Amino acid sequence: EIYTLSLHDALPIWLWTTSNVVFVAPVGATSIMIYHLINSVGTLTIANPSLVKTADPVVLPTPDPSNLFYNPTLTPDVSNPSIPQSWRFSTYGNNTATGSYPAPGPDANTIGVKTTMSSYTDGAADWSTNPISVVPLTQYQFSDSYISDAASVVEALFTVTDGSGVTSSYYTDLVKTPSTGGVWTTSSVSFTAPLGATSVMIYHLINNTGSLTIANPRVAKTAN
């Protein structure tokens, strides 16, 4: 498979200057061609092209088959390496938040995703992945590694089908996680899928100013 990706938009300038961009080769990549192109009326002159490796590749851990999270190692999306595969950043409400990926994890071989909220009135921001299938009235355990300078919340969104076949969804807070004071720590909480539940989405979100980085998300069934 071959695809193109814009790395950097260079502004018009009348003096010689340097363009510089850092990128991560996606999983499975074998080669790359770099183009400094012009796509409007005008002229472009380039010189001294350079491409150097700035860091060794991250060695991702072997996936845990009992972990129900999609892409818990946060492997980059092949077609868009700026996000993890099957993950997305979202924000709602009146706030200003940004998502960063890849973010440093708790060790050299772990990737994280970071949420930074620079202003806040209401709402929240988070990284999330696909819904996880669950069995009603079954117990599960969620955990992740996180580092933050603000309080955060682990929240679940259950999708439930009642006896008449009507499907609905509702949120519930699983645990409130305090600031870690700049040290990586682990959040962990057990929950039971409610009657009629078919899936759950887990969000480790931030709903005040500050930053939150998570890594190693895990959901596993602990009891029937």
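This is a predicted model: local features need pLDDT of at least 70, side-chain atom pairs count only at pLDDT 80 or more; totals for chains, interfaces and linings use all residues.
A residue is called buried when its relative accessible area is under 20%, exposed when that area is over 50%, and partly exposed in between.

The protein chain contains zero helices and eleven strands. Read from the N terminus, its elements therefore follow the order β-β-β-β-β-β-β-β-β-β-β. The C-alpha trace spans about 65 × 40 × 40 Å along its principal axes. Of the 224 residues in the protein chain, 35% count as buried. The chain exposes about 13,800 Å², and carbon and sulfur atoms supply 56% of this area. Contacts also reach across the sequence: among those between residues at least 6 apart, 73% join residues at least 24 apart.

The description now turns to one sheet. Strands of a sheet pair through backbone hydrogen bonds, in either a parallel or an antiparallel sense. Here four strands form an open sheet in the order β5-β10-β7-β8, with antiparallel pairing. Its edge strands are β5, residues 132–133, and β8, residues 167–177, each of which pairs on one side only.

The sheet can be followed from β5. This strand pairs with β10, residues 197–205, in the antiparallel sense over two bridges. Within that pairing, Ile132 stands opposite Val200 of β10. The next pairing in the order joins β10 to β7, again antiparallel, over eight bridges. Glu155 has Tyr203 in β10 as its bridge partner.

Strand β7, residues 152–161, is largely enclosed by the rest of the structure, because nine of its ten residues are buried. Ten bridges join β7 to β8, and the two strands run antiparallel. Val154 stands opposite Val175 in β8. The hairpin of β7 and β8 has five residues between the strands, and in this hairpin Gly165 takes a positive phi near 90°.

Side chains of opposite charge can pair when their charged atoms come close. A search of the whole structure finds two salt bridges. One of them joins Asp173 and Lys176, whose closest N and O atoms are 3.5 Å apart. Asp173 has a relative accessible area of 41% and is therefore partly exposed. Lys176, by contrast, counts as exposed because its relative accessibility is 61%.

The other salt bridge brings together the side chains of Arg218 and Asp64, at 3.0 Å from N to O. This pair links distant parts of the chain: Arg218 belongs to strand β11, residues 210–223, while Asp64 lies in the segment before β1, and the two are 154 residues apart. Asp64 is partly exposed, since its relative accessible area is 33%.

Ser148 has a relative accessible area of 3% and so is buried. The side chain of Ser148 reaches the backbone oxygen of Ala150 at 3.0 Å. Apart from residues up to four places away in sequence, Ser148 touches Pro178, Ser179, Thr180, Gly181, Gly182, Ser211 and Leu212.

Gly182 is exposed, because its relative accessible area is 55%. With its neighbours within four places in sequence set aside, Gly182 is in contact with Ile147 and Ser148. The C-alpha atoms of Gly182 and Asp149 are separated by 6.3 Å, although these residues are 33 positions apart along the chain.

Ile34 is partly exposed, as its relative accessible area is 48%.

Key: Residues are numbered from 1 along each chain as its sequence is written. Side-chain values use heavy atoms; hydrogens and water are left out. Buried means under 20% relative accessible area, exposed over 50%, partly exposed in between (1.4 Å probe, protein chains only). A polar contact is a pair of N or O atoms within 3.5 Å; within protein, one must be able to donate a hydrogen and the other to accept it, and residues adjacent in sequence count only if both atoms are side-chain atoms. Contact means heavy atoms within 4.5 Å. Two strands pair if DSSP finds at least two bridges between them. A salt bridge is a side-chain nitrogen of Lys or Arg within 4 Å of a carboxyl oxygen of Asp or Glu. Accessible areas come from the Shrake-Rupley method with a 1.4 Å probe; for residues, only the protein chains shown count as cover.
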